Amino acid sequence: MLFNTIDFAIFMPIVFLLYWFVFKKNIKIQNLFLLITSYFFYACWDWRFLGLIFVSSLVDYLVGLSLAKTEEKAKRKTLLITSLVVNLGILGFFKYYNFFIESFQEVFSLFGRSLESSSLNILLPVGISFYTFQTLSYTIDVYRKRIEPTNNILSFFTFVSFFPQLVAGPIERASNLLPQFERKRQFDYAKSVDGLRLILLGLFKKMVIADNCALAVNEIFTNYSEYNGSTLFFGAFFFAFQIYGDFSGYSDIAIGTARLLGFDLMQNFNSPYLSRNLGEFWRRWHISLSTWFRDYVYIPLGGNQVSKAKWIRNIFIVFLLSGFWHGANWTFIIWGFIHALFFLPLIFQNKNGHFKDVADPGKLLPSLKSVVQIGSTFLIVLVAWVFFRAENVTHAFLYLQEMFSVSLFSFPMVSKGLVLFLMVYMIFEWLQRDKKHLLEIDFIRSKPLRIAVYYCLAFIIFYFAGDTQPFIYFQF
Amino acid sequence: MKKLLTHIGLFLIPILMVWILAEVFYRTVPNNYSYKHKQISNNNNDIDVLVLGDSHTFYGINPEWLSLKTYNLANVSQTIYFDKLLFEKHINHLPKLKYLILSVEYTTLSQADNTQEDIWRKYFYHTQMDLDVPLISWYNPKKYSLALVRKFDKTWKSYKDFRKEGSLIGCDSRGWGNTYLSTMDSLEIQRVSNTTAKKHEDGSMDFSLNSKRIQEIIDLCKERHIEVLLVNMPVFTGYLDRLSPEKLQKIETACEAFESKNPNVSHINFLRDLRFELTDFEDPDHLNAQGAKKCSLLINEYLEQKQTD
């Protein structure tokens, strides 16, 4: 069931009404209801993989309880390793088995040997990377004694499978989300209205921005050899907005849906294309994943509290892992590598922590310096996106070779309307950069005017929606 | 809570009204689906020839030029899946049917179900042609509302077309698509050939499913002593040159195999027929009215020949 379908438009109001009117009185029944609806939501894709969520949830629930019962270091470590092996084992098998087999086969063939092993026809369970990381964070936090393990199996299972963020995040931390399942939720009008705004904004980003860009992107990336450099540049430009609209749109709908049910999920995107360096970009793009890697990989490796060489190593490990998390393809790993590479200047100049506030606060127009910084950061991100979108590494290099040829200065064969539309969208993002989201428009005092904005957005969604495309991040 | 529900309700009223209006529009204004259904259901007693297929036969075979009483039940983007459903639905009510004309185009045999245009057209077949379409599940809301099927901009365009033309029906009383009346210049048709050929390439050489369906149609015809005429409709050579030669060869071989295996099947291949010129085409892969007349007369000649044999 996709968020941008009629099915969800029917499913969600039913869940909302039952949740607040029928099951409101008893928190256990309310959680059980959420668990059932979450499993139903997932089963709409493929019920066969429900067993995997169940196993992941059960293992981490039991490991959590066992960790609470023992102080013995070796035993605690064994329990943690059990959880890691089960969760990463399942993830590894379903997501990376074929990648490793094929990569080994290629390496062996380089040395003139053949490896007798065949790849399997494995279906990738939707959202496996997301819920695996979510449930792992719980076990690691319990192991580190950052949180108390829960003995409420219902809350825990619902935490792992909570339908708004089950298949594409945000990857929630147990410390934030789990307690919300254990306390009574109160209906909050303001929170619900903001949730509805986020849903509207998410639908706009997905159906108008992402789906319209997707048409151009598919055409340009598939037939890249027929286009000049400037068109390929815009192909990558459109992809940058496709993936942004797609993923941040999904996150907005997820957060908005959770809000309607009385939950607060973490912010996952914060105007990433207004970032002035890559450090800022990663504080604004897929925040739940980048903070996951920060907390569970980067900091345990020593973070920046080590020698410069080790710091650089840590950066590369995190970015390469982040690339690999996205998919079993060298293109994602190179994508991560590019980000790590362009992160290095920030380390050497000690600028990693710069730009924690919005650009040019309080000003209507950006300064020239900000324009240059934002533009150059976007250019790096855009080049890296080519690898992310390409079918394989050769495809990406050929695309870039053609893109950075003399024809880069010829006239692009792209829809001017789409380019203009994206520019206008970015102007709105700039104007709203200090807000939590684009539709935080309480500063508009006139209620009819605010409603007019919502209708305007709804009309744009209905009228200008592109052909429905699957959410890109579902494949991860 | 009450306040929120009231506000949502009020906000949704205009949207619901637009939805209802769109639904009324689709249900009341006749289009090709509802019109063809009405025609074939009411005038089926004396039909000798039935034409099925996609836009190529819809625009390319004009029953007016056939001496036998013919009805063109083809439609734009109509796949073999729907050809079979339509044929099975109507066969029992076509007592005089002698010939079934079925087009086999570049996409016909490799077309996967529920892709491209099927995604929305299937609901129109279900609702307006009274077909039981197994692709649509009972719990699919679009089964019950045509306004949900098409995007709003498409609905609005249909409405504007209706206001301008006074009708959404794009065919005559015998089912022929009578709106293709123009032609392209040689440069334009070459350019469009490229994009059309690209659009039609689905990369699949798997003909098994649709071949099975054609065979089932042929078997049904065999039982009822109906002759099947498989036709590869004429296309512009510039378009043909841009298609995969291997796939084209495989399509032609498949048609010949149907002909040799089944005594009630004949095959006419117009793909490389030089009698069709630039002025016969509306676009690279569709005949215009002039081309349709030429093609229909050739088919008529063939059928008359068959009748005298």
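Author: Two residues are in contact if their C-beta atoms, placed from the backbone, lie within 7 Å. The structure is a predicted model, in which local features need pLDDT of at least 70, side-chain atom pairs count only at pLDDT 80 or more, and totals for chains, interfaces and linings use all residues. Residues are numbered from 1 along each chain as its sequence is written, while chains are lettered from A and ligands numbered from 1 in the order in which they are written.

Reader: How many residues does the contact take from chain B and from chain A?

Author: Chain B gives ten residues and chain A gives ten residues.

Reader: Which elements give two or more residues to the side of chain B that touches chain A?

Author: Helices (H or I, at least four residues) and strands (E, at least two) are DSSP runs, numbered from the N terminus. Here the elements are helix H1 (2–28) and helix H6 (152–165) of chain B. H1(B) provides the largest share, three residues.

Reader: How do the residues of this side of chain B divide?

Author: Ala, Val, Leu, Ile, Met, Phe, Trp, Tyr, Cys and Pro count as nonpolar, Asp, Glu, Lys and Arg as charged, and the others, Gly among them, as polar. On the side of chain B that touches chain A, six are nonpolar, none polar and four charged.

Reader: What does the domain assignment of chain A give?

Author: Domain bounds come from an automatic or database domain assignment. In chain A these are domain 1 (6–185) and domain 2 (190–276 + 355–475). Their centres, taken over C-alpha atoms, are separated by 29 Å. The contact takes 16 residues from domain 1 of chain A and 17 residues from domain 2 of chain A.
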